[in-house]
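Colleague: I would like to learn how to read a model feature by feature. Please give me the general idea each time, and then the case at hand.

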Amino acid sequence: MDRLLKFYNNNILTIRNFVNLNFIYFSNVIIQIILIPLLITAYGLDGYGGYIFLFSIVNYSEIFVRFGFDYYLLRFAVENKENKPLINKYFNISVIARLIIFISILIILIIVINFFSIQNGLILFVLYLTLLKTVFVPIWYFQSINNLNIISIASLISNILLLIAAIIVFSLNLPIIYFVVAVFLSSLLQIFIIFGKVRRHLHFYLDSYKNILKDIRYLFKVSFINFFSEVTQLYTNFTKIILGVIFTNEVVAVFEISTRIVTFSLMPFATFNNSIYPEVLRKKNIKNIYKNLRLEILLISFIVMILFFMKPFIFLFFSGSADLEHSYILTILSFTIFAVITNQVLGFHVLYNFGYDNIRAKGIIFSSVFYIIALFINFIFKINIVAFICFALLFAELTSTIYYLINLMLLKKEIQKKCAESTEFIPKN
């Protein structure tokens, strides 16, 4: 008991971050797990797949709105945590920059919807407005101060209200646009709750026109490599778009269900790594990083085995059928958990942490190039097999893993030296 208390006291910030991050992600995932069967029952696999197709376009657009700012801003906020005015300045710059991108894409979206008379264009438009949360909610700030409580609370409240609204919509047999509006309103609610907390520490103000432009250019400059690595990472939302174009909405639906289960399974590992990340930035201990990764890989092996045997029950719960033709998608995607978590640890806790962010970004770019080549082969030779695209996605994820491992072996001595130099400056109790 004494050891447990000592461990808790020594790692209270990490534990609190871990609990809050899990609360955020699992409240979202659990609500989705409840909503998916309701959506499929109300609108069928085809209708649900069509909704996911449009939502994937919006999620891919979110990468442009974020523009990789959070990577720079988190590290910047941690390194300058005592300089509140400077952090506030970059909060304002990031919001203005994202708002400019958001409005620009919105104008293009409206023109495209009207010019091509896109079916379900109104649904796409309303879903895009949910990205206002990306513009105004500074998650990087709460991570930097080891306090994600408010985001946890906002996420829970908005998801509960979304579930209530969804049940009302489905009970009255209303069109799916009513559910989409509920999704939009739930995102607005999160903005109001979180911004109410943020304004005590961060506030909007307008600097001179020239200074704003100068700061925006700088933020774009330092964030471009991270943005480029994200926008070329086509594994999730872009895959759903491809599946929707080449195959049927039912395939998109099965892929989405599989993705949700994989996300649900890897989330404890991802949130653990995210929760300890601020401390990893402060205490560069390479041995602890590798020790944690080895333990995570063993646990992931166990999770993948469980998913394989539980697959029929999973699809029975979501769709009412255990014999879906494309249920093998879940088996293939479950192996991506190894690559996703390994890439997260090696890419951020090691490469990004020790100043090799270009290598981290290049790993994502190379894997994306591999995936694009695979899609090109699929198009040229008209393979048109869902399994081919899923295996291409798996191997693309592993491309980053292999690239990181090769570079870490080449940089081993240099990283060990940096680790030792950092340890010398950590005050001993």
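Colleague: Which backbone oxygen lies 2.9 Å from a polar atom of the side chain of Asn159?

Modeller: A polar contact is a pair of N or O atoms within 3.5 Å; within protein, one must be able to donate a hydrogen and the other to accept it, and residues adjacent in sequence count only if both atoms are side-chain atoms. Here the oxygen belongs to the backbone of Ser155, 2.9 Å from a polar atom in the side chain of Asn159. This is a predicted model, in which local features need pLDDT of at least 70 and side-chain atom pairs count only at pLDDT 80 or more, while totals for chains, interfaces and linings use all residues. Residues are numbered from 1 along each chain as its sequence is written, and side-chain values use heavy atoms, with hydrogens and water left out.

Colleague: In which helix does Asn159 lie, and is Asn159 buried or exposed?

Modeller: Helices (H or I, at least four residues) and strands (E, at least two) are DSSP runs, numbered from the N terminus. Asn159 is part of helix α8, residues 149-171. Buried means under 20% relative accessible area, exposed over 50%, and partly exposed in between, with a 1.4 Å probe and protein chains only. Asn159 is buried because its relative accessibility is 7%.

Colleague: How many helices and strands does the protein have, and what share of its residues is buried?

Modeller: The count is 19 helices and 0 strands. Of the 429 residues, 51% are buried. Helix α5 (residues 121-129) is mostly covered, with 7 of its 9 residues buried. Those residues are Gly121, Ile123, Leu124, Val126, Leu127, Tyr128 and Leu129.

Colleague: Which residues touch the most other members of the largest nonpolar core?

Modeller: A nonpolar core is a set of buried Ala, Val, Leu, Ile, Met, Phe, Trp, Tyr and Cys residues joined through side-chain atoms within 4.5 Å. The largest core has 116 residues, and Leu35, Tyr51, Phe102, Tyr128, Trp140, Phe179 and Leu243 touch the most other members. Helix α2 (residues 12-66) supplies the largest share of this core, 16 residues. There is also a second, separate core of 19 residues, including Leu346, Tyr356, Ile364 and Leu411.

Colleague: Which residues is Phe179 in contact with, leaving aside its neighbours within four places in sequence?

Modeller: Contact means heavy atoms within 4.5 Å. With those neighbours set aside, Phe179 contacts Leu35, Leu39, Tyr51, Leu162, Ala166, Val169 and Phe170. For the protein, residues 24 or more positions apart account for 84% of the contacts with a separation of 6 or more.

Colleague: Where is Ile364 found, and how many Å is Ile364 from Thr399?

Modeller: Ile364 sits in helix α17, residues 357-380. Ile364 counts as buried because its relative accessibility is 11%. Although 35 residues separate Ile364 from Thr399 in sequence, their C-alpha atoms are 8.3 Å apart in space.

Colleague: What is the phi of Phe67, and what is that of Asn173?

Modeller: Most residues other than glycine have a negative phi. Phe67 has a positive phi, near 55°, and Asn173 has a positive phi of about 55°. Phe67 is in the loop between α2 and α3 (69-79), and its 11% relative accessibility makes it buried. Asn173 is in the loop between α8 and α9 (176-198), and at 70% relative accessibility Asn173 is exposed.

Colleague: Which helix gives the most to the lining of the second largest pocket?

Modeller: On a 1 Å grid over the protein atoms alone, a cavity is a set of points where a 1.4 Å probe fits but cannot get out; a pocket is an open set with protein on both sides within 12 Å along at least five of seven lines, and lining residues have an atom within 4 Å of a point. Helix α14 gives the most to that lining, with 8 residues. Both α12 (249-275) and α14 (286-319) supply at least two residues.

Colleague: Which residues line the second largest cavity?

Modeller: The lining consists of Lys89, Asn92, Ile93, Ile96, Tyr205, Asp207, Ile212 and Asp215. At least two of the lining residues come from each of α4 (84-116) and α10 (209-231), and α4 has the largest share, 4 residues.
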